[in-house]
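Hi,

Here is the structure I said I would pass on. Have a look through it first, and then read my notes below.

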Amino acid sequence: MILVLALACGASVSTIYFPQAISSLIAADLRVPEGSAALVVTAAQFGYAGGVFLLVPLGDRLPPRRLIGTLLALTAAGLVVAGTAPTLSVLVVASAATGVTTVVPQIIIPMTAGLVPAERRGAVTGTLLSGLIGGILLARTFSGTLGEWLGWRAPYLVAAVLVLALAVTLARVVPETTPSSEQRYLDLISAPLRLLREEPDLRRSCLYQATVFAGFSAAWTALTLLVTGPAYGMGAQAVGVLGLVGAASMFCTPLAGRAADRRGPDTVSLWCLLGVIGSAGVLALGGIGGTAGLVVLAGGMLLLDVAVQSGQVANQARNFALRPDARARINTAYMTCAFLGGSAGSWLGVRAYGRLGWPGVTGLVALSATIALTRHLTRRRTAALPTEETATPSRVP
């Protein structure tokens, strides 16, 4: 069951990552600048953040089987509109709408976390995220390759058929579960804001993922411009192939989940933040061009993928231990912050590349992770200091 749900996570989330590999094809066909075509990526991620905020809390209120099927049907409709869009404006709107409904993994993950023992929660979350990562990687490769052969519209239309097939499959596979809340919708969507105010560990997880995902999105969005530009002069298919290097993160996230179960999420978060900073140093050498440059880019993107996705496992293991009766709402707060960061990163990545070139993008990756690492180390140092109550021996009357 876990493996089937992991596959569903990957297949459903893959649609918002299509434009990262085919934005140059979209720009050429619709006769718009590549920077403008990159808005399709930003719109999809903004839509995803909106869908997480508006729809994922319903996972605590509605039967997941019905909710998941409805969202997948709407996603298929959005993909058809995107694949037949006559202008960039229509495509951007369709991408945003598709992003809103492509939040099925964020319903599946907290639902499954509530079905397994606490000591296995990190490992199971890691397995589900490995499926999600596989979908992201295959999305880039699939859309880049198919786009080169049949044009940029083909990935959207093929994906629409696959998503409909997935909806039928999950209607039989998703277990019947009893919703944990009977709150009204307005109370459900306001709960994440309240949880952010009440749970400092949730705020910390949100900051970690929002910052590193901003750097991650900036790197992947600008990578297309770099590889298809003068330094390399390659096509969209090459971007998809580069995306495959992140396949190792599919195998690393279950390991990160087990490490979070054994050593605690904070230890794994520290490793991952240092890994993101290290990846920025490697990627900084990727602008040299040629075969050596491609090898460096592949290594740097691999390290970045592993660090960001493993960090997500640690964050969600920390989050799901907070309020067992409100996991979907906690996930709503977390993923909304993460994808707002990713959307901002996509936008900033294009601007940084346009003004400062590839070094500006890698600097952005390093800066984003440094912000999170500073917060993490400050928290660890504060937690290690004795309080006044514990530092002063109590007086026995």
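**The largest pocket**

The largest pocket holds about 410 Å³ of space. Before going on: this is a predicted model, where local features need pLDDT of at least 70 and side-chain atom pairs count only at pLDDT 80 or more, while totals for chains, interfaces and linings use all residues. Residues are numbered from 1 along each chain as its sequence is written, and side-chain values use heavy atoms, with hydrogens and water left out.

On a 1 Å grid over the protein atoms alone, a pocket is an open set of points with protein on both sides within 12 Å along at least five of seven lines, a cavity is a set where a 1.4 Å probe fits but cannot get out, and lining residues have an atom within 4 Å of a point. A volume is the space filled by probe spheres set on the points, which are joined across faces, edges and corners.

Back to the pocket: 20 residues line it, and Leu7, Gly10, Ala11, Ser14 and Leu162 lie nearest its centre. Helix 1 (2-13), helix 8 and helix 9 (153-173) each supply at least two residues of that lining. By class, the lining has 13 nonpolar, seven polar and no charged residues (Ala, Val, Leu, Ile, Met, Phe, Trp, Tyr, Cys and Pro count as nonpolar, Asp, Glu, Lys and Arg as charged, and the others, Gly among them, as polar).

**Cavities**

There are four cavities of 30 Å³ or more. The largest cavity has about 90 Å³ of space. It is lined by 13 residues, with Tyr17, Leu132, Phe213, Gln312 and Phe339 closest to its centre. Helix 8, helix 11 (200-227), helix 15 (290-320) and helix 16 (327-356) give two or more residues each to this lining, which has nine nonpolar, four polar and no charged residues.

The second largest cavity has a volume of about 70 Å³. Its lining includes Tyr208, Ser269, Cys272 and Asn315, and helix 11, helix 14 (265-283) and helix 15 give two or more residues to it. Here the classes come to seven nonpolar, four polar and no charged.

**Helices and overall form**

The protein has 18 helices and zero strands (DSSP runs numbered from the N terminus: H or I of at least four residues for helices, E of at least two for strands). Its C-alpha atoms fill a box of roughly 80 × 45 × 30 Å along the principal axes.

Helix 8 also turns up in a helix pair. Helix 2 (residues 19-30) and helix 8 (residues 121-150) pack at about 25°, with their axes 8 Å apart (axes are lines fitted to C-alpha atoms, for helices over the stretch in contact, and angles run from 0 to 180 degrees between N-to-C directions). On the helix 2 side, the contact (heavy atoms within 4.5 Å) is made by Gln20, Ala21, Ile22 and Leu25. Arg140, Ser143, Gly144, Gly147 and Glu148 make it from helix 8.

Cheers
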